[in-house]
Amino acid sequence: MKFRSIIEKISNAIDAVESYLCFALLAVAVIVGLMQVICRRLHAALPWSEELLRFCFVWLTFMGAGLGINAGSHLSVEFFTSLMPKKIQRALAVLAMILVLVFANQVFLKGITVVSTAVKTNMLSSAMRVPMWIPYSGVCVPFGMMQFQILAAAVRLLFQDREVETP
């Protein structure tokens, strides 16, 4: 099987998981936010709703960043690179992806440290009493998936003109 097609299948699977999670989290956020507004209007606040919304938005933010990498929709400044030859443009794009990959890897590794600390200390959230490793995982899980999406984007960029066979 061709290397690029394997990478694309895994990348598409990660993209599908991220899409479904983002849809579910956004649906929960909309429903809980609407409930919170209605309950406040009726002078009966929900003490847990703000915390749940915050956790949903953390997960949504970082999952959405991974989706943006796969879609190629992140902002970039191409003014200077567009003036250069195609080979240099491609090399600079790969260099940028490597830098983003290093950043994503560092966030992922630090996130694992935070999650393991939360597990060891049995930290609970203040309002919902949920184990804090769940919301903290909203940083390391998406950044873990993001690393693969960056690698897949780099493979797409490097081998856009040809296929690479697996050894």
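View 1. Phe-143 is buried (under 20% relative accessible area; exposed is over 50%, partly exposed in between; 1.4 Å probe, protein chains only), with a relative accessible area of 6%. This is a predicted model, in which local features need pLDDT of at least 70 and side-chain atom pairs pLDDT 80 or more, while totals for chains, interfaces and linings use all residues. Residues are numbered from 1 along each chain as its sequence is written, and side-chain values use heavy atoms, leaving out hydrogens and water. Phe-143 sits in helix α4 (residues 133–158); helices are DSSP runs of H or I, at least four residues, numbered from the N terminus. Not counting residues up to four places away in sequence, Phe-143 touches Phe-62, Phe-103, Ala-104, Val-107 and Phe-108 (contact: heavy atoms within 4.5 Å).

**View 2. The largest nonpolar core.** Here 11 residues come together, including Ile-14, Trp-59 and Met-145. Such a core is a set of buried Ala, Val, Leu, Ile, Met, Phe, Trp, Tyr and Cys residues joined through side-chain atoms within 4.5 Å. Helices α1 (3–41) and α2 (49–71) each supply at least two residues of this core. Apart from it lies another core, of 7 residues, among them Ala-65, Ala-104, Phe-143 and Met-146.

**View 3. Leu-92 on helix α3.** Take a look at Leu-92, which lies in helix α3 (residues 86–121). Leu-92 counts as partly exposed because its relative accessibility is 32%.
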